[in-house]
Amino acid sequence: MDNKHFLTKIFIEQNFKKEELETILQQYQRIEFAKNDYLIEEGTTANFYYFLESGFARSYAIDLEGNDISTKFFSSTDIVIDWHSYFLRTKCRENIQAVTACVAWKINFDDFMKLFKIEAFRDVGRTRLVNNYFELKTHSVSVIADPAKDRYLNLIKDKPDIVHNVPLKQIATYLGITDTSLSRIRKEITDNR
């Protein structure tokens, strides 16, 4: 049996009863991804969601000019999911790809739905969904209303591990700027220290 210490740590904080926790943990399987492996591919229906134990991943979409644009980054303890595809059983419009080697814990859709009979599990899921929505909404408004330097500084503050482990080109597309602009911003920040 896989060592589920990582998952136990995540779920133990939620005050599940012992038998509920055991039921939940039984549904997850450990999986490893090499750098550049796809966790979810555009055009497929997401049948798994993952708790990321280690490593970094990103979601991205291809724009009308054929450029890949990062839409979200994932790091340890994040849920890696295409919410729309997973819950509505529709085709993904984005790819989710490992930026580094990753270790994750996956659960398929049918097993996830079985866990919904556990009230505390539903509550945890609802909270994570709402938090994800707020993060997405905050980022969307920030790309429109905040200067690029502020967007970068907020990323450093909120997710410093992303800045140190993800290629600058991917970070730049996430921030809605060119990699040249990002380099200029980084130099300006360094020069002002």
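Asn36 sits in the loop that joins strand β1 (29-33) to strand β2 (38-40), where helices (H or I, at least four residues) and strands (E, at least two) are DSSP runs, numbered from the N terminus. This is a predicted model, in which local features need pLDDT of at least 70 and side-chain atom pairs count only at pLDDT 80 or more, while totals for chains, interfaces and linings use all residues. Residues are numbered from 1 along each chain as its sequence is written, and side-chain values use heavy atoms, with hydrogens and water left out.

Asn36 has a positive phi of about 80°, although it is not a glycine. Most residues other than glycine have a negative phi. With a relative accessible area of 45%, Asn36 is partly exposed; buried means under 20% relative accessible area, exposed over 50%, and partly exposed in between (1.4 Å probe, protein chains only). Arg89, which is not a glycine either, has a positive phi of about 60°, and its place is in the loop between α3 (83-88) and β7. Arg89 is also partly exposed, at a relative accessible area of 31%.

## The chain as a whole

The protein chain contains 9 helices and 8 strands. Its radius of gyration is 18 Å, close to the 16 Å that the globule rule gives for 193 residues, so the chain is as compact as a globular protein of that length; the radius is taken over C-alpha atoms, and the globule rule is 2.2 Å times the number of residues to the power 0.38. Along its principal axes, the C-alpha trace spans about 55 × 35 × 30 Å.

Of the 193 residues in the protein chain, 41% are buried. Among the contacts (heavy atoms within 4.5 Å) with a separation of 6 or more, 69% are made by residues 24 or more positions apart. The accessible surface of the protein chain comes to about 11,100 Å², and 51% of it belongs to carbon and sulfur atoms; these areas come from the Shrake-Rupley method with a 1.4 Å probe, and for residues only the protein chains shown count as cover.

In helix α1 (residues 5-12), the residues Phe6, Leu7, Ile10 and Phe11 are buried. They cover an arc of only 120° around the axis, which puts them on the same side of α1; the arc is that of the directions from the helix axis to the C-beta atoms. An α-helix has 3.6 residues a turn, so residues three or four places apart point the same way.

The buried residues of α1 pack against α2 (18-26), β3 (48-54), β8 (102-108) and α5 (119-145). On the face of α1 turned away from this buried side are the exposed residues His5 and Lys9.

Phe56 is found in the loop between β3 and β4 (57-62), and with a relative accessible area of 12% it is buried.

Ala101 lies in the loop between β7 (95-98) and β8, and at 52% relative accessibility Ala101 counts as exposed. Leaving aside neighbours within four places in sequence, Ala101 is in contact with Phe33, Ala34, Lys35, Ser54, Gly55 and Phe56. Ala101 and Asn36 are 65 residues apart in sequence, and their C-alpha atoms are 8.0 Å apart in space.

In helix α8 (residues 168-175), 6 of the 8 residues are buried, so the helix is largely enclosed by the rest of the structure. The buried residues are Gln170, Ile171, Ala172, Thr173, Tyr174 and Leu175, and what covers them includes β4, β5 (68-74), α5, α6 (148-158), α7 (160-165) and α9 (179-191).

Just after α8, Gly176 takes a positive phi of about 80°. Pro167 has its place in the loop between α7 and α8, and at 39% relative accessibility Pro167 counts as partly exposed. Pro167 and Val99 are 68 residues apart in sequence and 8.4 Å apart in space, C-alpha to C-alpha.
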